[in-house]
Amino acid sequence: MIRRKHIYRGLILVLHCIRFAPATAQQLVSGYITDTSHQVLAGATVTLWRLPDSGLVTRIACKKNEFTLRIPGPGHFLLSVSFVGYATVSRAFSATGSPPHLDLGRFMLVKTGKRLRDVVVEGAGPPVKMKNDTLVYNAGAYPVPPNATVEDLLKKLPGISVDPQGNITFQGRPVRKIFIDGRDFFLNDPRLASQNLTADMVQSVEAFDASSYQSRLTGIKDIDPDKALNLVIKEKKKRSLTGKVYAGMGGQGGQAGYSAGGNDFLMLGDDRMQFAVLNANNINGLYNGTDHSGQGGGFVMVGKSVISLNGALPSGAGKSRTITGSANFGIKLSPKWDLVVNYSGNQSHQSTNHRSDSQTFLGDSTLLQNDSGNSTTYYSNQLLSAKTTWTPGKSDEIVIRPEIAFSKGGANQLDSATTTAQKTVLSYLLNKTLTQNGDTSHETSLKTNITWGHRFAKDRRILAASFDQSFSRTAARDGLQTQTKAFDSTGSPALDQLVNQVSDPVKTTQLYQGNIDYTEPVGHRNSINIGYNGSLSNSHADKNSFDWDPLSGKYDLADTLTSSHFSYSTIVHHLEGGYNKTGGRFRYQVGMGMDFTKLKNLNRSNDSALIQHFYNWSPRLFLGYTLSREKSVSFEYKAKNTNPSIDQLQPVPDLSNPQLIHIGNPALKQQFDQNGSIAFSSLGDKSFTTLLLRVAGNYSANHIAPSNITLSSGIQEIQYVNINGIWGLNTNLSYGLPIGHTKHGNLKFSTTLNYNKDKSFTNGVEDTRRSFSGSQTLGLSYNIGQKAYTDANAGIGYTASSYSIQQAGTTLLTQTYDLSERYQLPLGLTLSAKYHLQVTGKQDGLPGSTVGNLDATIFRTLLKDRRGELQLSCYNLFDNKTSVSAVSGPNSISTQTAGRIGRLVLLSFVYRFNKVFGQAGPEKT
């Protein structure tokens, strides 16, 4: 009985203790971690100690910049945050049970002055890793030759491609931004980084969605983000100065050729960055200090008739001389104030001979058009932009980004064109034109963006607001002289028209836009967001045209047909809300937006106005699931509206191309696009393979499409209209695998498949085009130590189109082959060569072509540490002076041929410099 009595008392005491146990057993403590430049320190270690005995409670490694720990009970504690290369930050606190969630705020880590010796570990490791929605490419797993650029490295990475102009895409989507160690240093053109920084500086390349400031604060994905890359710099290069200077002279076709310039990149950790590049050449940018590094693209600015009729000229077209320069500067003015300033300027002069052959399908007949001519263009541009980030306290951040640009240009062009009508039993000359255009233009633009973000005391409760303003004005002086002669089926003259006029078009555009977003956390990883965006834009297009008066000998006859005074304004109100889960293996975002749009078109020439109101829903959905450490899958759906441009609205004929006259349509409505995509990533942790797959689809309502009317003279008039039933599917698959466990190189496969259904109108009849296109590329990168490098790429593309109006179809087969060899010879000599072959197949009645090109360079290293190189290069050894491309349009196909620079021999010298500040020699393990 006594023992049982004691047992009962003990149980009552235990129950009493449980009943009155303090609630602090469930208390949570959280915070977030950044460095002095507000960059995320992923992988920082958070340790919780119990005071006063300093007993270890728990230790975790943060995957992001936020952490949450559970307090085991009441008492006094010390929480410390540490990261390699930074001073440890500690904070003491007491846990009493109230509030249940204790927010310790921001832990700002400061870099230490002491630096450890670099440790070089031999062995590349996995070529690609997955970090949430970011792919991390290990640069060491993709060997490149000495002095290779970042662009050379990017070409080897699965899922990333670089075109001849240097434009970068990731899984078929454009890359608009390249960051340096997470810092927005190159504010405008990402090619400045990819084409001038060296690959040996890069530790890894991170590919992800380019997010807005609000998205970075909240973790909520933007509706329609571009892709971005982040170059993680090697630790030993974070305090260094690298660059080169070069000069080359040679000859081409009896004319002297030259290229000279240089670049430098200074990096002093996060405190200071400096970059500058300057180049002057008259060889289409073929040489910039690297053996056959240029693509021969140069600057392409062509006259209006070529753009209107045939699209852009082929890559490498024409002969150009250019001067380009850029200077970027970034500095930490204080722990709270960061400043980045960018300047770029260029001048270009280009001459081009071109020819175009095209077919237009009209149902009962086909028009065969031939256009040939030459153009001389010049262009100059000055751009100054800045970005300043101010953090007045741990809870607020203000970002201001102004930009100002000035540009001017002009063109003189002479074109001769003929059109032949081809019917079932009859073929005859329909018209011929001779056109001479001359135009000059000046443009000024101003932009300002101001963004403010505030973190509340409650974790992940965020308020963000932004304001955008932009202004642009373009003033031009256009001269047009054209002679058009048309004939009937018997060859008799049907039209003889002369146009000789000048015009002074002026366009101005103003935009004001405000945005506010609020995010409220719901639970540990969930949040609700609501936002409003309002915008007001006003555009004015004024054009005064005057015809030549032979009596006065002046352009003083007002042309009312091509003169206009047109205004276009847009008011948009966008409301949006959503529910989001941004952490864990399963992530999702569900949101819905509502757009209220008012379009007002005012034709001030006849005092007529058209006002339209639109109400559209814009849903968004994102689902992401991490299957394992190496596999993930995601689904994304979004919808958005696109307003017509002022050129598509202005009801004035553009006569600059007498074969193809454009007339605006002020009754155009908004275009509403819906897009969905599924993405899958699989990384072989042991096999080192990389598989990236993306399948996307789109549907467009009120799609803005061309309506083509062909007059009896063969001249075509195009006016844009709205049409439904436009949709498409596309697939992008990339697969990469190593050779010799990445020691000797990599293989890269890329496959794209596209199916599109689009519509247009031809002579009032709806024409449906169904097109299928596919391409397969294979890339091989193989190296033997640092003595021999081989890069081989082969690509085949196929396009098939059918037109309902013609009851016929066209096909086009293209092939490209590239082989690059680099071999190190005795006596410090290196030989490199690059061969390119392009085969463009026959496209219906248009002929095909085969173009081959070979570049070769031999160079010898000189001076201390092999910093100097004496190079002898020969570009375009086969002296091929043409460049070819082929395209297909809504109711037409065309092939463009343009002249290009011929064989060029160049003798050059390069001096490279590389200085590391405050670094001990590497320790090899």
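Is lysine 177 buried or exposed, at 13% relative accessibility? In this predicted model, lysine 177 counts as buried because its relative accessibility, 13%, falls under the 20% limit that defines the term. Lysine 177 forms a salt bridge with aspartate 184, in which the closest N and O atoms are 3.3 Å apart, and aspartate 184 likewise counts as buried, at 10% relative accessibility. The two residues also belong to a network of salt bridges that links Lys177, Asp184 and Lys387. Side chains of opposite charge can pair when their charged atoms come close.

The side chains of arginine 769 and aspartate 758 meet in a salt bridge with an N to O distance of 2.9 Å.

A nonpolar patch of about 680 Å² is made by Leu831, Ile858, Leu863, Leu870, Leu872, Val905, Leu907 and Phe909, and strand 46 (868-875) and strand 49 (904-916) each supply at least two of its residues. Strand 49 gives the most, with three residues. Phenylalanine 909 has its place in this strand and counts as partly exposed because its relative accessibility is 33%, between the limits of 20% and 50%. Phenylalanine 913 also lies in strand 49 and, at 23% relative accessibility, counts as partly exposed. The C-alpha atoms of phenylalanine 913 and glycine 868 are separated by 9.1 Å, although the two residues are 45 residues apart along the chain. When neighbours within four places in sequence are left aside, phenylalanine 913 is in contact with Leu241, Thr242, Gly243, Lys244, Asn263 and Asp264.

Attention now turns to the interior. In soluble globular proteins, nonpolar side chains tend to be buried together. The largest nonpolar core of the model comprises 42 residues, of which Tyr137 and Ile180 touch the most other members. Apart from residues up to four places away in sequence, isoleucine 180 touches Phe185, Phe186, Leu197, Asn230, Leu231, Ile233, Phe265, Met267 and Met273. A second, separate core of 20 residues includes Val29, Tyr86, Ala95 and Leu104.

Two polar side chains complete the description. Histidine 354, in strand 20 (residues 337-361), counts as buried at 6% relative accessibility, and its side chain makes a polar contact of 2.8 Å with the side chain of aspartate 415. Arginine 585 is placed in the loop between strand 30 (564-581) and strand 31 (586-603), and counts as partly exposed at 48% relative accessibility. A polar atom of the arginine 585 side chain lies 2.6 Å from the backbone oxygen of leucine 627. Not counting residues up to four places away in sequence, arginine 585 touches Gly624, Tyr625, Thr626, Leu627 and Ser628, while the C-alpha atoms of arginine 585 and arginine 629, 44 residues apart in sequence, are 9.9 Å apart in space.

Notes:
Residues are numbered from 1 along each chain as its sequence is written. This is a predicted model: local features need pLDDT of at least 70, side-chain atom pairs count only at pLDDT 80 or more; totals for chains, interfaces and linings use all residues. Side-chain values use heavy atoms; hydrogens and water are left out. A nonpolar core is a set of buried Ala, Val, Leu, Ile, Met, Phe, Trp, Tyr and Cys residues joined through side-chain atoms within 4.5 Å. Buried means under 20% relative accessible area, exposed over 50%, partly exposed in between (1.4 Å probe, protein chains only). Contact means heavy atoms within 4.5 Å. Patches are made of residues with over 30% relative accessible area and no salt bridge: like charges are joined within 9 Å, nonpolar side chains (Val, Leu, Ile, Met, Phe, Trp, Tyr) within 5 Å. Accessible areas come from the Shrake-Rupley method with a 1.4 Å probe; for residues, only the protein chains shown count as cover. A salt bridge is a side-chain nitrogen of Lys or Arg within 4 Å of a carboxyl oxygen of Asp or Glu. Helices (H or I, at least four residues) and strands (E, at least two) are DSSP runs, numbered from the N terminus. A polar contact is a pair of N or O atoms within 3.5 Å; within protein, one must be able to donate a hydrogen and the other to accept it, and residues adjacent in sequence count only if both atoms are side-chain atoms.
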